[in-house]
Amino acid sequence: MREETVIALGFFDGVHLGHQALLRRTAERGLERGLTPAVFTFDRSPRAVVTGVPVPLLTTPEERAAVIRELFPIDRVIVAPFDQRMMTMPWRDFLDMLREDYHARWLVAGHDFRFGHRNEGTPALLMDYAQETGIGCDVIPAVTVDGRTVSSTYIRQLAGEGRQAEARRFLGHDRLKL
């Protein structure tokens with residue numbers, strides 16, 4: 001049996017407030033459209049693989065999946081290897097893979113989501129692709145706290161400076177050890 005899906009796209013390190021807006025929309029679209037809500041993420045930081053510079057992470061893939069499942073009615077978390085094949089895959093092939101292999105009928109991404117070889121895929125290209133292929137698409141705008149865009153990078157910075165309470169405010173949950 002083939003389950004048609006609505007897929008949230010991203011790395012989701014920390015599953016912060018911005019990620020939560022995206023995951024909430026994914027769960028809502030699944031319910032509205034009768035699609036299975038799912039998450040597509042990677043086993044390691046694409047930035048670290050591409051640049052060769054380690055990126056300290058807030059969560060392991062297993063922790064990300066557990067927090068997602070705990071906070072949202074999303075049981076299907078696809079953790080793909082970020083390997084040479086994935087790193088060099090053209091953006092259109094990446095979206096075709098989601099549509100064909102994972103039966104995506106709706107995609108949800110953040111305003112700054114980049115994908116495909118050399119990050120050539122953009123939210124605008126994602127929306128064009130969706131319109132062309134007849135699948136649905138939502139691009140979630142930036143989420144801010146006190147005028148600051150929520151990001152995993154900023155949360156890592158706060159935690160590294162010993163500002164755990166403020167980091168938790170940007171995370172929006174206390175399920176991680178900071």
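Q: Hi! In which sense do α5 and α6 cross, left-handed or right-handed?
A: Hi! In this predicted model, the crossing of α5 past α6 is right-handed.

Q: Nice. And what are the axis distance and angle there?
A: The two axes come within 11 Å and cross at roughly 50°. That angle is why α5 counts as oblique to α6. For orientation, α6 covers residues 123–133, and α5 covers residues 91–101.

Q: Which residues meet between them?
A: From α5 you have Trp91, Arg92, Leu95, Asp96 and Arg99. On the α6 side they meet Leu125, Leu126, Tyr129, Glu132 and Thr133.

Q: Switching to aromatics: how many pairs does the structure hold?
A: There are 8 aromatic pairs. One of them joins Phe40 and Phe42, edge-to-face, with 5.6 Å centre to centre and 90° between the planes.

Q: What about Phe40 and Phe94, why is that pair edge-to-face?
A: Their planes stand at 75°, over the cut-off of 60 degrees, so the pair is edge-to-face, with ring centres 5.6 Å apart.

Q: Where do those two sit in the chain?
A: Phe40 is in strand β2 (residues 36–42) and Phe94 is in helix α5, so to speak distant parts of the chain, 54 residues apart.

Q: Are they buried or exposed?
A: Phe40 and Phe94 are both buried, and Phe42 is buried too.

Q: Which residues form the aromatic cluster?
A: Phe40, Phe42, Phe82, Trp91, Phe94, Tyr102, Phe113 and Phe115 form one cluster.

Q: Last one: which ring does the charged end of Arg64 sit over?
A: Arg64 has its charged end over the ring of Phe11, 4.1 Å from the centre. Arg148 lies over the face of Tyr154, at 3.7 Å from the ring centre.

Key
Residues numbered from 1 in each chain as written. Predicted model: local features only at pLDDT ≥ 70, side-chain atom pairs only at ≥ 80, totals over all residues. Heavy atoms only, no water. Phe/Tyr/Trp six-rings, centres within 6.5 Å; stacked < 30°, edge-to-face > 60°. Buried < 20%, exposed > 50% of the residue type's maximum accessible area, 1.4 Å probe, protein only. Helix = DSSP H or I, 4+ residues; strand = E, 2+ residues; numbered from the N terminus. Lys NZ or Arg CZ within 6 Å of the ring centre and 35° of its normal. Axes fitted to C-alpha atoms, helices over the stretch in contact; angles between N-to-C directions. Parallel < 35°, antiparallel > 145°, perpendicular 65-115°, else oblique. Left-handed = near helix turned anticlockwise from the far one by under 90°. Contact = heavy atoms within 4.5 Å.
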